[in-house]
Amino acid sequence: MSDLAQMSAGAVRGPAKRTGHGTQAMAGLALVALPMAMLLGLILWPTMRMIGATVTLEDRIGADRYVAFFGDAYSMANLRFTLEMSLISALTALALSFGIALYLRFSAGRIATMIHALSLFPLFVPSIIISYALVRFLGPNGLFQLLLEQIGITQYRTPYLTPVGPFLAFVWENLPLPVLVLSAGLTQVSDHAVEAARDLGARPLRILWEILLPQTRRSLLIAFALIFLGILGAYTVPYMLGPAAPEMMGVYMQRTLGNLQDPDSAQVQAVVLMAIASVVGGFYIATMLKSQGAER
Amino acid sequence: MKRSPIGGLLILGSMALAMIGPIATVILWAFAIKWRYPHLLPTEWGMKYWFAMLGRETVITPVLTSLALTSISTTAAAVICWPAAYAFARLKFPGRQVMLFSFIAAQAVPKFALYVSIAVVFLRLGLVGNFWGVVVVQMLSAVLFMIWIPTAAFRGIPPALEEAAFDLGASRLRVFVQITLPQALPALAASYVLAFVSILFEVDGALLIGAPTVTTMPLLLMSLSAQIIVQEAAVLCVLIWVPCFIVLLLTRRFMTAKGIAQGFGV
C-alpha cells in the first residue's frame, strides 16, 4: 500500500542497470550530496551544536540552565500550555476528520463531493492568511458575531486572544491531511464486510470499533504524530490569535531570542521542545518503518 | 442504506461557514471603505485602500523582497533536489534508502526550535539580517516538496520506453532529456509551485533570520494586522493569496491521498 515502501525499498528499474555498479553508485551519491549536505548542515549540525551549547557553562559542563528552566514557573506553564494545546488540537482535528471521512465513505452525490472539497480547502491557505482571517471572522465585532446577532444571539464572547483562538486555527489547518488519508483508508473496507456485520446484528458503534478503526489505525497514528509535531513547533497561529500568557513555546522562544536577546535561554527552550518532539517523532518514524517492513 | 439529506446538508452548511467564512470576511474587508458595527455587510464599497497600499514604498519593498527571495530559494532548491530525486528513483547507490528516509524523518523536528538553533549559528556567521541567510533557511522548507513529489514521479515513469531508446543506441543524456524529463515535467512543475507558495508565506525563518533588516511580505502582513485600519492587511492578503490560490488549484491532482501518503510515509 505505501508507495514510499516501493519507492525506497523496491529494486531500481529502468536504464540504471545499463551502467556499471561502481559508476552508478558514484553518480547517485554525487546527485544526492547537496540536499544531504543541507540536511546535515542545517538540521543535524545546528541541533547538535545547540545541545552542546546549552550544557557548556563558563567554566564547566553542567545542566544548570535546565534546572533553571524546569524550576521556573512561567517556563513550565508555557511548556504545559504548548503540550495541552498540541494534544487537544490534534485529537480534535483527528476526531472531526474521522467523522467527515466516515460520512464520505458511506455517502455519494453532490453533497458529499462538496463536503470533500471544503475539507481540503485549508491545504491552499497558508497559516498567516488563516490566522489573520480568523482574527477578522471570530474577533470582536467580527462577521461571525454579526451573523449570530442576525439570528438573535447576543452573548457571543470572542475566542480571540484566548486559548480557544489558536485551538480553532490549529484544528482548521489540520483537517485536510487526515481527511485525505482516512477516507483513502476507509474505502478499503468493503461494503460487504460492513453489511455482513450489520446483518449479524452488529451495532454501528461496534462496526466502527471492530471494522473501521482497525483498518485506519496506522494512518490515525501517523496523522496524529504529524499534526502534534506541527503544532508543537508553531509560531504564527499562537502569535496572531493566542493569549499573552501563557505563551506557546514558539512565541516564547521568539521573544526570548529576539526581544530579550537571551540566546542561552532560548536554546534551552528549543532543546526541551525537541526532546519532547523526539519521543513522538521516534514513534512516528518507528510506525513508518514497521509498516514498510510489513509490506516487504 | 437510505437516508434523508438533512444530515448531509447540516454538515455541509457548518463546513461552508467554517471553511469559507474567515476568508470571505477578509475579502469583504479588502473591498470595504466603511464597515461599522452592527452592519452585517460593508456600507460603503470601493478600492480606495488598494490604491493607497500599492502606492506606498513600505508595501512595495517587502513584496519585491519576498518575490526575489522566494524565486531564488525555490529555484536553488529545485536545482539541488530534482537531480537527487532522479537518483533516488533510478540509481542504485549505498545508503539510498536511509537517505531518502531521512528527508521524511526530518519533518519530525519542531520547526521553530530548529530555526532557533540555526539563528544562533547564523548570528555568528553574520547571516542574521542578511538576505542570503534567509534564502538558505527558506530553502529548507522547500526540500520536502522538491524531493518526494519528483522522486515519486520519476519512479512512476514506466522504464520500457527508456530501455527501448537505449537499445536503439541513444545516450543516457538524450534519453533523459527526450523521454524521462517530458514525462516528469508536470510533477516537477507542481513541486516548484508548492515550494514557491510555501516559501512565499513562510514566517518562522524570515522572522528569526531576516528581521529586522529583511522584511518579507508575511512579516509586513503581521505588522499591518495589528493596526487600526483593517483594510490594509486585508488588501495585502487578497492581493497575494488569491493568485497563489488559483495557481495551487492547478497542482491539486498531486495533493491526493497517495501523494500525501508518499510524502509523510502514512
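Author: Helices (H or I, at least four residues) and strands (E, at least two) are DSSP runs, numbered from the N terminus. This is a predicted model, in which local features need pLDDT of at least 70, side-chain atom pairs count only at pLDDT 80 or more, and totals for chains, interfaces and linings use all residues. Residues are numbered from 1 along each chain as its sequence is written, and chains are lettered from A and ligands numbered from 1 in the order in which they are written.

Reader: Where is A:Gln261 placed?

Author: Most residues other than glycine have a negative phi, and most peptide bonds are trans. A:Gln261, not a glycine, has a positive phi of about 50 degrees; its loop runs between helix H13 (249–259) and helix H14 (263–295) of chain A.

Reader: Is A:Gln261 buried or exposed?

Author: A residue is buried if 20 or more other C-beta atoms, placed from the backbone, lie within 10 Å of its own, exposed if 12 or fewer, and partly exposed in between. A:Gln261 is exposed because it has 8 C-beta neighbours inside 10 Å.

Reader: Which residues does the cis peptide bond with omega of about 5 degrees join?

Author: That bond joins B:Tyr37 and B:Pro38. B:Pro38 belongs to the loop between strand E1 (32–34) and strand E2 (44–45) of chain B.

Reader: How many residues of chain B are in contact with chain A?

Author: Two residues are in contact if their C-beta atoms, placed from the backbone, lie within 7 Å. Here 90 residues of chain B contact 91 residues of chain A. Helix H1 (residues 6–30) of chain B gives the most to chain B's side, with 14 residues.
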